Amino acid sequence: MIERPMSENRGAVVMDEPERTREGSSDAGVAPEAGADAVLQESAKLAEVTRERRRQVKKDADAETVFELKDVAVTYGGSYAVQGVSMSIRKNEITALIGPSGCGKTTVLRCLNRTNDLIQGAKVHGQVLYHDIDLYGPKVEPVEVRRRIGMVFQKPNPFPKSIYDNVAFGPRVGGFKGNMDELVERSLRRAALWDEVKRDLKASAMALSGGQQQRLCIARCIAVEPDVILMDEPCSALDPVSTLRIEELMDELVSEYTIIIVTHNMQQAARVSDRTGFFTVAEGQDEKDHRIGILVEYDLTPTVFTNPSDPRTEAYVTGRFG
Amino acid sequence: MSTLRTQKDASTTPPVSLTSRRGWWHRTRDGAFRGAVTGSVLVGLAVLVALIVQSLVEGWPKLNWNLITSFPSSFPEKAGIQSAIFGTFWMVGIVLVVAIPIGVGAAIYMEQFADTEAWYNRFIDVIIQNLAAVPSIVYGILGLAFLARGFLNLGPVVLTAGLTLSFLVLPVVIIASREALRAVPSSILDGALALGATRWQGVSRQVLPAAIPGIATGSILAVSRAIGEAAPLLLLGALQFITFNPTGLNSSFTALPIQIFNWVSRPNVGFHVAAAAAIIVLLCITLLMNAVAIWLRNRFQQTW
Amino acid sequence: MAAVTTERPVSRPLQGLESGRRRYREKIIVGSLFLCAALSIVLTVGIVLALLIPSLEFFGQVSPVEFFTGTEWAPLFKNSQFGVLPLLGGTLVVTLIAAAICLPLGLLAAIYLSEYAARRTRSFVKPILEILAGIPTVVYGFFALTFITPLLRENWLFGTPPGVFNALSAGLVMGIMILPTVASISEDAMYAVPQSLRAGAAALGATKYEISTRVVVPAGLSGIIAAFVLGISRAVGETMIVLIAAGGMPNLTFNPVEAMQTMTAFIGAAGLGDQATGSIGYKTIFAVGISLFVMTLIMNIISIRLVRKYREVYD
């Protein structure tokens with residue numbers, strides 16, 4: 001597994017233009033072998049074409065809204081982490097949340113399936129509507145929310161069990177009564193992992209490569225038949241080849257699911273997403289001079305990257321601001 | 001150094017030396033300190049070896065099958081430890097049933113469910129650490145006051161001793177299990193929760209299984225400690241002449257360390273031989289358990 | 001990549017986020033887990049009550065002044081004396097001897113394990129040292145009585161040799177018994193010292209001795225003191241070694257070659273005598289017990305606080 005250290009310094013990622021070729025995106029300095037490189041470029045081009053087509057269609061369609069965030073703010077132990085976020089997320093689209101470190105993009109993502117509840121002292125303000133239901137309503141059960149809104153984490157976190165058990169865990173706790181073998185196979189197929197693991201489903205998930213582990217986590221997530229998949233920097237710990245496979249996978253999954261991805265990699269946002277929300281850090285917004293995350297701009301991805309309306313967005317996407 | 005020496009002819013400055021510029025005093029001091037730290041470990045190891053050899057030498061004449069099959073006797077050459085071994089097994093059984101599940105349950109609560117900021121949980125945290133350091137004889141007093149006499153008035157029976165030892169090792173089990181649970185990364189629980197598992201489902205089906213090797217290691221060490229404890233049993237009145245195996249929770253009993261103490265404290269040196277032989281048996285049991293615990297820890301330790 | 005064409009099953013209704021079917025089961029489970037943890041409070045309260053009630057009765061019959069200042073301890077004789085000082089003195093002497101062994105050796109062993117030992121050496125030396133901590137105390141008592149005492153008696157160089165029962169032998173063996181505890185907690189504290197501090201000192205040309213004594217030990221000091229305090233607390237509370245090797249005579253002396261009785265040994269010995277419940281002899285167990293408990297409690301709390309302190313600094 002290739003571990004890429006997360007650069008805290010966003011300026012280290014050189015960015016001049018949003019439209020880039022595949023070579024430019026393998027910014028980790030991990031040089032793929034010559035053969036793989038050609039394949040990479042080829043499939044990247046293909047993927048670009050399909051995505052472009054999909055975006056064209058989406059632009060006009062008045063898609064159904066899945067999430068409606070109204071003036072959402074999150075506090076940790078009383079101090080604000082992110083403030084004033086309003087956005088609506090559409091069905092069967094990939095929405096990317098980008099921005100510098102500490103801008104609250106992950107915090108916002110965690111609001112959407114009530115994972116913030118697990119952090120002591122965290123409190124969500126404002127309204128998060130999911131299909132017009134207030135997710136933070138008094139009677140809403142976080143466990144039920146998470147069954148419909150799955151999540152894939154930054155670092156692959158398979159359970160230290162067999163591949164099969166990893167996929168079967170979610171359905172089992174959810175009381176799934178049908179044919180488990182079939183469900184496991186279907187989920188692994190949809191996560192494009194089946195061919196690699198079908199020979200030994202009893203093998204330990206810990207023995208898989210990082211990229212395979214992450215696809216297993218996606219398969220695991222799909223197995224509970226969620227409505228939405230949240231992805232928190234799913235490729236930050238992966239090599240470029242694995243990253244590409246995950247991106248292709250997202251592109252296929254979006255026809256059935258709504259995907260929201262947090263990424264620190266702007267090329268990735270540009271490549272895969274339909275809409276992009278740009279977050280940044282505002283200094284000293286409260287009396288204690290805390291740094292608070294705010295949503296600067298939220299629009300169709302091509303607009304954000306080529307014709308942003310806010311100078312801060314422009315500075316960020318052109319690499320002038322880290 | 002050879003490259004440095006070649007500079008000699010080229011310059012008038014003295015050659016650079018990378019050997020120590022410090023005097024003999026520094027070198028002696030460093031060497032002596034190294035000797036001292038190594039020696040301190042060797043002292044411990046030497047005592048361990050001496051202790052085992054001494055028991056073997058003293059107990060060798062009596063180390064035979066009769067020792068294990070015979071019951072205590074007034075004649076040292078006839079005396080055996082069968083009732084003591086059975087008494088010890090009974091107490092281990094009670095500890096396994098009482099201390100391990102309660103200890104693991106408490107550890108799960110403290111690590112996975114407790115609000116660590118709440119004052120009562122912080123209080124419990126300190127209480128558990130303190131209980132682990134309370135002298136074992138004080139647990140004997142607890143057992144004496146509430147179980148053997150006083151409140152329950154059960155007398156010096158298997159149940160009294162088993163419960164007292166369970167209380168004694170409970171904090172040990174809790175602390176070891178907490179460490180094992182803490183070693184499981186939180187991303188495992190996060191992953192389970194994100195799949196719609198309840199917290200208990202995530203903990204019981206993912207976190208707990210991943211922590212089992214560590215919990216087992218700690219539990220074995222705790223049981224091993226219970227096997228070797230004598231002081232609290234003395235207070236409960238367990239030092240008796242028992243020539244039968246326990247028949248139930250309500251039965252009188254003796255235990256290995258108690259039997260050893262009994263023989264050691266007799267003036268007749270013949271009993272010292274019997275004590276040494278019984279010590280070898282006791283050491284075999286506890287050392288074996290320690291070895292299993294260490295093996296378990298190394299074999300199943302998951303690197304995350 | 002395999003084409004994904006599998007039909008997606010009918011989407012579940014989006015309503016019903018309010019389902020609470022798992023709530024009650026979960027609450028019951030968490031409640032019982034809490035009860036497991038709360039048992040530690042019950043135990044603590046139980047210990048305090050078990051000690052306090054008979055002790056109060058005891059001090060109703062014997063004045064605390066006599067108890068804490070009397071120099072003669074003979075509670076079970078006809079002409080009973082209740083001065084706890086001989087027992088306190090015995091505990092003090094044995095503890096001092098044990099501390100003189102386990103504190104320096106424990107600290108040095110910790111430095112060896114944390115700074116000097118190679119990874120592989122450490123991986124088998126540490127478990128072996130831990131075995132020392134796992135040996136039953138009655139075995140240590142036997143070892144003191146049948147090995148250390150004869151050794152001392154045969155090779156004694158100054159004045160009267162030790163008796164068959166003596167505090168010295170018990171204290172020495174107890175020191176070895178506690179060594180792994182002191183070593184292990186001290187090593188934890190040293191392990192928590194950031195590597196960067198060591199590297200910084202090494203870059204200034206410090207030798208391993210200087211790094212150990214001037215950087216690592218001072219930085220881990222609160223944890224090391226915690227280890228010392230806990231080690232002493234264990235020495236104060238140890239019963240079997242002193243009961244077997246130090247004799248059963250209360251003896252107010254500081255001569256370590258004499259036999260003496262500690263507080264724990266008295267409690268153990270009194271337990272052997274099968275005192276009638278409610279008799280003054282029975283109540284002395286609790287009076288001595290509560291004194292012992294308070295002493296160790298204070299030391300344990302100090303130790304717990306110190307450990308917490310170093311964890312806060314480096315975590």
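**Reading a predicted complex: confidence, helix crossing, sheet and interface**

Student: Over which residues of chain C is the pLDDT below 50?

Tutor: Residues 1–14 of chain C fall below 50; beyond near neighbours in sequence, this stretch has 16 contacts in the model. Two residues are in contact if their C-beta atoms, placed from the backbone, lie within 7 Å. For the complex, the predictor gives an ipTM of 0.89 and a pTM of 0.85.

Student: How is the crossing of α3(B) and α13(B) to be read, left-handed or right-handed?

Tutor: Helices (H or I, at least four residues) and strands (E, at least two) are DSSP runs, numbered from the N terminus. Axes are lines fitted to C-alpha atoms, for helices over the stretch in contact, and angles run from 0 to 180 degrees between N-to-C directions. Here the axes of α3 (residues 24–59) and α13 (residues 269–300) of chain B come within 7 Å and cross at roughly 130°. Angles under 35 degrees count as roughly parallel, over 145 as roughly antiparallel, 65 to 115 as roughly perpendicular and the rest as oblique; α3(B) and α13(B) are therefore oblique to each other. Their crossing is left-handed, meaning that the near helix is turned anticlockwise from the far one by less than a right angle.

Student: Which strands stand at the edges of the sheet in chain A?

Tutor: Two strands pair if DSSP finds at least two bridges between them. In chain A, ten strands form an open, mixed sheet in the order β5-β4-β1-β2-β10-β9-β3-β8-β7-β6. Strands β5 (133–134) and β6 (149–152) of chain A stand at the edges with a single partner strand each, so one side of each lacks a neighbour in the sheet. Strands β3 (residues 94–98) and β9 (residues 275–282) of chain A pair in the parallel sense over four bridges, and A:Leu97 stands opposite A:Gly277 in β9(A).

Student: How many residues of chain C are in contact with chain B?

Tutor: 71 residues of chain C are in contact with 71 residues of chain B. Helix α1 (residues 23–61) of chain C supplies the largest share of chain C's side, 18 residues.

Notes. Residues numbered from 1 in each chain as written. Chains lettered and ligands numbered in written order. Predicted model: local features only at pLDDT ≥ 70, side-chain atom pairs only at ≥ 80, totals over all residues. pLDDT = per-residue confidence, 0-100.
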